Amino acid sequence: MVVIPAIICLIAGYLIGSIMTAVKIAKSKSMDIRDCGSGNAGSTNVLRTFGWKWGIICLVCDCAKGALAVGLGHLIGFIWMKLDYALELESISNLFGCFAMLGAIFGHLLPVFYNFRGGKCVAVALGGLLVLAPLELLAAVAIAVILILITRMVSVGSVVGTLLAASFVIIANWGDIPLMVLSIIIATVIVAAHLPNIQRIMEGRERRLDRIEWERNAAQMENKEDTFSSAEASSEVQSVDEAGTLSKVGNANEAAASQS
């Protein structure tokens with residue numbers, strides 16, 4: 001009986017996926033990433049808006065969500081196998097890992113904590129497949145990185161890399177139905193999420209990665225934060241000065257009243 005633990009893995013994975021790193025980074029700067037740039041709550045938009053350092057942090061954290069979900073699925077599989085000795089550890093762990101990752105994918109796409117406005121799931125898929133099928137993933141990532149460097153469009157690498165990763169996983173793991181189905185679902189979800197990007201690519205309007213652009217945006221954000229901090233400090237100083245002036249006036253009035 002694996003229905004109950006499979007449902008637990010789905011729910012747990014969904015909740016993990018619903019933790020949006022991009023939204024939290026933007027919130028720490030009093031902004032909503034979904035109102036900036038492309039409006040996507042992902043690492044590319046964070047990179048363009050806040051600079052490469054924050055973009056890398058977002059990418060790593062989103063990848064960690066996928067890996068954590070799969071790891072949790074494996075743990076639940078191990079525990080469940082101890083309760084049912086008829087099950088094989090490897091097969092049941094992979095099954096529950098796939099369910100947990102599927103939950104994380106949909107959690108990132110439709111996060112319950114953020115009004116179901118999420119990202120495009122590429123980083124989450126990277127993290128999950130790094131645990132489930134590392135060699136196939138790395139081969140696809142290498143090709144995707146080359147495409148990004150050539151075209152300077154992350155969307156091209158994301159879409160092509162996803163399709164290649166799904167193909168490699170299916171070919172290398174033929175017969176592993178859960179992993180094959182998961183790969184197809186991941187590819188479908190990510191390509192569907194990138195349909196507007198594909199349309200812009202066909203029309204020649206897709207944005208390209210520009211180092212000068214993201215460094216300029218990051219500098220502007222830092223300047224805004226410095227300006228805001230300076231304004232707050234000036235306001236505090238002004239308040240202190242006003243309080244001191246009022247205090248002096250009050251003391252003077254009291255002295256005049258006592259003399260009279």
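In this predicted model, Glu206 forms a salt bridge with Arg200, and the closest N and O atoms of the pair are 2.9 Å apart. The structure holds four salt bridges, among them this one. The points below begin with such pairs and then turn to helix packing and to backbone angles.

- Side chains of opposite charge can pair when their charged atoms come close.
- Glu206 has a relative accessible area of 11%, under the 20% limit, and is therefore buried.
- Arg200 is found in helix H10.
- When neighbours within four places in sequence are left aside, Arg200 is in contact with Arg205 and Glu206.
- Arg205 in turn forms a salt bridge with Glu203, with the closest N and O atoms 2.6 Å apart.
- Arg205 counts as partly exposed at 48% relative accessibility, and Glu203 also counts as partly exposed, at 41%.

**The salt bridge of Asp32 and Arg34**

- Asp32 and Arg34 form a further salt bridge, in which the closest N and O atoms lie 3.1 Å apart.
- Asp32 counts as partly exposed, at 24% relative accessibility, whereas Arg34 counts as buried, at 11%.

**Packing of helices H9 and H10**

- Two packed helices are described by the angle between their axes and the distance between the axes.
- Helix H9 covers residues 177–193 and helix H10 covers residues 195–203; the two pack at an angle of about 55 degrees, with their axes 4 Å apart.
- Because of this angle, H9 is oblique to H10.
- On the H9 side the contact is made by Val191, Ala192 and Ala193, and on the H10 side by Leu195, Pro196, Asn197 and Ile198.
- By class, this contact of H9 with H10 has six nonpolar residues, one polar residue and no charged residues.

**Packing of helices H7 and H8**

- Helix H7 (residues 134–151) packs with helix H8 (residues 154–172) at an angle of about 160 degrees, and their axes are 8 Å apart.
- An angle over 145 degrees counts as roughly antiparallel, so H7 and H8 are roughly antiparallel to each other.
- The crossing in which H7 passes H8 is right-handed.
- The H7 residues in the contact include Glu136, Ala139, Ile143, Leu147 and Thr151, and the H8 residues they meet include Val154, Gly157, Val160, Leu164 and Phe168.
- By class, the contact of H7 with H8 has 14 nonpolar, three polar and one charged residues.

- Most residues other than glycine have a negative phi, and most peptide bonds are trans.
- Ser30 has a positive phi, near 60 degrees, and is a residue other than glycine.
- Ser30 is placed in the loop between helix H2 (21–27) and helix H3 (43–50).
- With a relative accessible area of 71%, Ser30 is exposed.
- Cys121, which is not a glycine, has a positive phi of about 75 degrees.
- The loop that holds Cys121 lies between helix H5 (89–109) and helix H6 (122–132).
- Cys121 is buried, with a relative accessible area of 1%.

Key
Residues are numbered from 1 along each chain as its sequence is written. This is a predicted model: local features need pLDDT of at least 70, side-chain atom pairs count only at pLDDT 80 or more; totals for chains, interfaces and linings use all residues. Side-chain values use heavy atoms; hydrogens and water are left out. Axes are lines fitted to C-alpha atoms, for helices over the stretch in contact, and angles run from 0 to 180 degrees between N-to-C directions. Angles under 35 degrees count as roughly parallel, over 145 as roughly antiparallel, 65 to 115 as roughly perpendicular and the rest as oblique. A crossing is left-handed if the near helix is turned anticlockwise from the far one by less than a right angle, and right-handed if clockwise. Contact means heavy atoms within 4.5 Å. Ala, Val, Leu, Ile, Met, Phe, Trp, Tyr, Cys and Pro count as nonpolar, Asp, Glu, Lys and Arg as charged, and the others, Gly among them, as polar. A salt bridge is a side-chain nitrogen of Lys or Arg within 4 Å of a carboxyl oxygen of Asp or Glu. Buried means under 20% relative accessible area, exposed over 50%, partly exposed in between (1.4 Å probe, protein chains only).
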